[in-house]
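Please open the model in your viewer and keep the sequence panel beside it. The stops below say what to select at each point and what is found there.

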Amino acid sequence: MEYGNDAIEEHGSEEGGEGAEGAELKPHERPTSVTVIAWIFIVVSVLAIIFGGLGLLLFALVGQMGVEGGQAATAAGEHVSVHVLGPFKDLTPIFRTLAVIQIVQIGVGLFVMLSAVYLLKLKAWARTVLEVVSWLGLLKVGLSAAILYQLRDALPELKVEGLPIDVVSISLVGNFTIMLIMAASLVVIIALLRGKKVREAVV
């Protein structure tokens, strides 16, 4: 009987070992938080690429509207008076700078979207990239809020009949609220990306 018990225990331990090996070889399961974070970055990246492309298109159209001799020729061959296009003439250097920014935005958007896709595949480098992007985004929100706060007194008042406060104040409150929501969201994302569950899931 003792021999039989030993044989059973030995057989059971072999099965347990095989089961443990099978568990180790089991593919990593993707946490729900990883899926949610990845898709948030994918959606934001797509929007950044779309708006970046629209910005480039706008700057290209404005750049083609050169003002010469008091009138400007449109693509259709028509002439538009200077007072419509005149304000854009002095903004050409700014438009060029903004165009470069839009190109960078598109490039970053593509890279972040690629990283998010690989996060869905549980790649460790993608988690690191998105964490860095989240920190940079948090820094950008903080700087934008600080700049907007410093400029609050320099902005002119714009009163609208029927409203208790001016439109500029409403806009400031709205912008600060949006920034606060963005900052809180980024903090949550960073905490999840740095969490043990996500770190153990990626390879």
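Residues 24 or more positions apart account for 69% of the contacts in the chain with a separation of 6 or more, where contact means heavy atoms within 4.5 Å. This is a predicted model, in which local features need pLDDT of at least 70 and side-chain atom pairs count only at pLDDT 80 or more, while totals for chains, interfaces and linings use all residues. Residues are numbered from 1 along each chain as its sequence is written, and side-chain values use heavy atoms, with hydrogens and water left out.

Colour the chain by pLDDT, the predictor's confidence in each residue, from 0 to 100. The mean for the chain is 75, and 61% of its residues reach 70 or more. Select residues 7-25, where pLDDT stays under 50 and the model has 0 contacts beyond four places in sequence. Then select residues 66-75, where pLDDT also stays under 50, but for which the model has 20 contacts beyond four places in sequence.

Switch to a cartoon view. The chain has 7 helices and 2 strands, taken as DSSP runs (helices H or I, at least four residues; strands E, at least two) and numbered from the N terminus. From that end the elements run α-α-β-β-α-α-α-α-α. Of the 203 residues in the chain, 24% are buried, where buried means under 20% relative accessible area, exposed over 50% and partly exposed in between, with a 1.4 Å probe and protein chains only.

Next, show the side chains of I37, F41, L119, L130 and L193, which touch the most other members of the largest nonpolar core, a set of 17 residues. Such a core consists of buried Ala, Val, Leu, Ile, Met, Phe, Trp, Tyr and Cys residues joined through side-chain atoms within 4.5 Å. Helices α2, α4, α5, α6 and α7 (196-201) each supply at least two residues of this core, and α2 gives the most, with 5 residues. Centre on L130: leaving out residues up to four places away in sequence, L130 touches F41, V112, S115, A116, L119 and L193.

Move to S134, which lies in helix α5. S134 is buried, with a relative accessible area of 0%, and beyond its neighbours within four places in sequence it is in contact with F41, L186, I189, I190 and L193.

Now select Q102 in helix α4. Q102 is also buried, at a relative accessible area of 13%, and F51, G52, G55, L56 and F59 are what it touches, not counting residues up to four places away in sequence.

Go on to L122, in the loop between α4 and α5. Its phi is near 65°, a positive value in a residue other than glycine, and L122 counts as buried at 7% relative accessibility.

Finish at the largest pocket, which holds about 970 Å³ of space. A pocket is, on a 1 Å grid over the protein atoms alone, an open set of points where a 1.4 Å probe fits, with protein on both sides within 12 Å along at least five of seven lines; lining residues have an atom within 4 Å of a point. The volume is the space filled by probe spheres set on the points. Of the 26 lining residues, V44, V133, G137, K140 and M182 are the closest to the centre of the pocket.
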